[in-house]
Amino acid sequence: TTLPLLRAAIAAGVPVLDICRGFQEMNVAFGGSLHQKVHELPGMLDHREADHPDLAVQYAPAHAVSVQPGGVFAALELPGTFQVNSIHSQGIDRLAPGLRAEAIAPDGLIEAISVEHSPTFAVGVQWHPEWQVLTHPPYLSIFQAFGDAVEQWLKSGGRSQCTGADKEQSERKSMFQRKSPCRSELAREGR
């Protein structure tokens with residue numbers, strides 16, 4: 001199954017961007033649980049796609065998410081709130097230990113997560129940021145950060161990008177910016 005593979009990839013420092021079902025699998029892989037039918041829970045939004053034959057309607061922005069302070073999304077300087085599409089019936093019930101909520105829907109449902117203390121980009125999103133990515137700057141920023149992490153990982157010979165005791169906080173922010181100390185370190189080493 002994908003669950004042990006996902007844990008092994010993250011432990012090995014392989015950059016990961018999990019989308020939709022992958023987001024749900026990340027939570028389960030680390031010991032979390034899911035609501036099976038979010039729309040049936042009291043006080044929750046209906047997160048399923050619109051019942052419409054047009055994909056543009058199905059994937060249209062459906063609700064806002066609020067970026068949580070101190071995480072990867074905040075380090076990427078994403079807007080405090082932005083609109084996302086919503087085409088899922090399952091959602092996080094219990095967040096797994098070692099994961100942090102990155103963005104929350106208005107009904108309190110976690111819509112984006114990251115792996116705490118990960119040596120690289122390890123993020124999952126419930127929505128589909130690949131849909132019209134060029135017209136949604138927050139989506140594009142997420143893909144650019146993921147691409148930068150993959151580039152750094154490849155230049156490092158497939159090893160974690162950074163070393164040192166301070167990576168939990170100071171490098172967490174800088175790792176996901178365009179000019180990161182990790183990137184500078186790799187350049188100095190000729191990688």
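How many salt bridges does the count come to by this rule? The count comes to four salt bridges, a salt bridge being a side-chain nitrogen of Lys or Arg within 4 Å of a carboxyl oxygen of Asp or Glu. The model is predicted, with local features needing pLDDT of at least 70 and side-chain atom pairs counting only at pLDDT 80 or more, while totals for chains, interfaces and linings use all residues. Residues are numbered from 1 along each chain as its sequence is written, and side-chain values use heavy atoms, with hydrogens and water left out.

**Figure 1. Overview of the chain.** The chain holds seven helices and eight strands. Both are DSSP runs, numbered from the N terminus: helices are H or I with at least four residues, strands are E with at least two. Of the 191 residues, 45% are buried. Buried means under 20% relative accessible area, exposed means over 50%, and partly exposed lies in between (1.4 Å probe, protein chains only). Contact means heavy atoms within 4.5 Å. Among contacts with a separation of 6 or more, 64% join residues 24 or more positions apart.

**Figure 2. Confidence along the chain.** The average pLDDT is 85, and 83% of the residues score at least 70. Over residues 161-191 the pLDDT is below 50. Beyond near neighbours in sequence, this stretch still has 58 contacts in the model. The pLDDT is the predictor's confidence in each residue, from 0 to 100.

**Figure 3. Helix α2 and its cover.** Helix α2 spans residues 21-29, and seven of its nine residues are buried. These are G22, F23, Q24, E25, M26, N27 and A29. R21 counts as exposed, because its relative accessibility is 59%. Just after α2, G31 takes a positive phi of about 105°.

**Figure 4. The crossing of α1 and α2.** Helix α1 covers residues 2-11. The axes of α1 and α2 come within 9 Å and cross at roughly 80°. The two helices are therefore roughly perpendicular to each other. Here axes are lines fitted to C-alpha atoms, for helices over the stretch in contact, and angles run from 0 to 180 degrees between N-to-C directions. Angles under 35 degrees count as roughly parallel, over 145 as roughly antiparallel, 65 to 115 as roughly perpendicular, and the rest as oblique. From α1, residues T2, L3, L6, R7 and I10 meet E25, M26, V28 and A29 of α2. By class, this contact has six nonpolar, one polar and two charged residues. Ala, Val, Leu, Ile, Met, Phe, Trp, Tyr, Cys and Pro count as nonpolar; Asp, Glu, Lys and Arg count as charged; the others, Gly among them, count as polar.

Figure 5. E25 pairs with R21, the closest N and O atoms being 2.9 Å apart. Both residues lie in helix α2. They sit four residues apart, about one turn of the helix. E25 is among the buried residues of α2, whereas R21 is exposed.

**Figure 6. Two further salt bridges.** The side chains of D46 and R48 meet at 2.9 Å, N to O. D46 is partly exposed, with a relative accessible area of 45%. R48 is partly exposed as well, at 39%. The side chains of R100 and E102 meet at 3.6 Å, N to O. R100 counts as buried, at 17% relative accessibility. E102 counts as buried too, at 0%.

**Figure 7. The surroundings of I110.** I110 lies in strand β7, residues 110-115. At a relative accessible area of 13%, I110 is buried. Leaving aside neighbours within four places in sequence, I110 is in contact with F23, I92, L95, A101, A103 and I104. F23 is one of the buried residues of α2. L95 is 15 residues from I110 along the chain, and their C-alpha atoms are separated by 8.4 Å.

**Figure 8. Two loop residues with positive phi.** Most residues other than glycine have a negative phi. H117, not a glycine, has a positive phi near 60°. H117 is found in the loop between β7 and β8 (122-125). H117 counts as exposed, at 53% relative accessibility. Q132 is not a glycine either, and its phi is positive, about 50°. Q132 lies in the loop between β8 and α5 (137-155). At 44% relative accessibility, Q132 counts as partly exposed.
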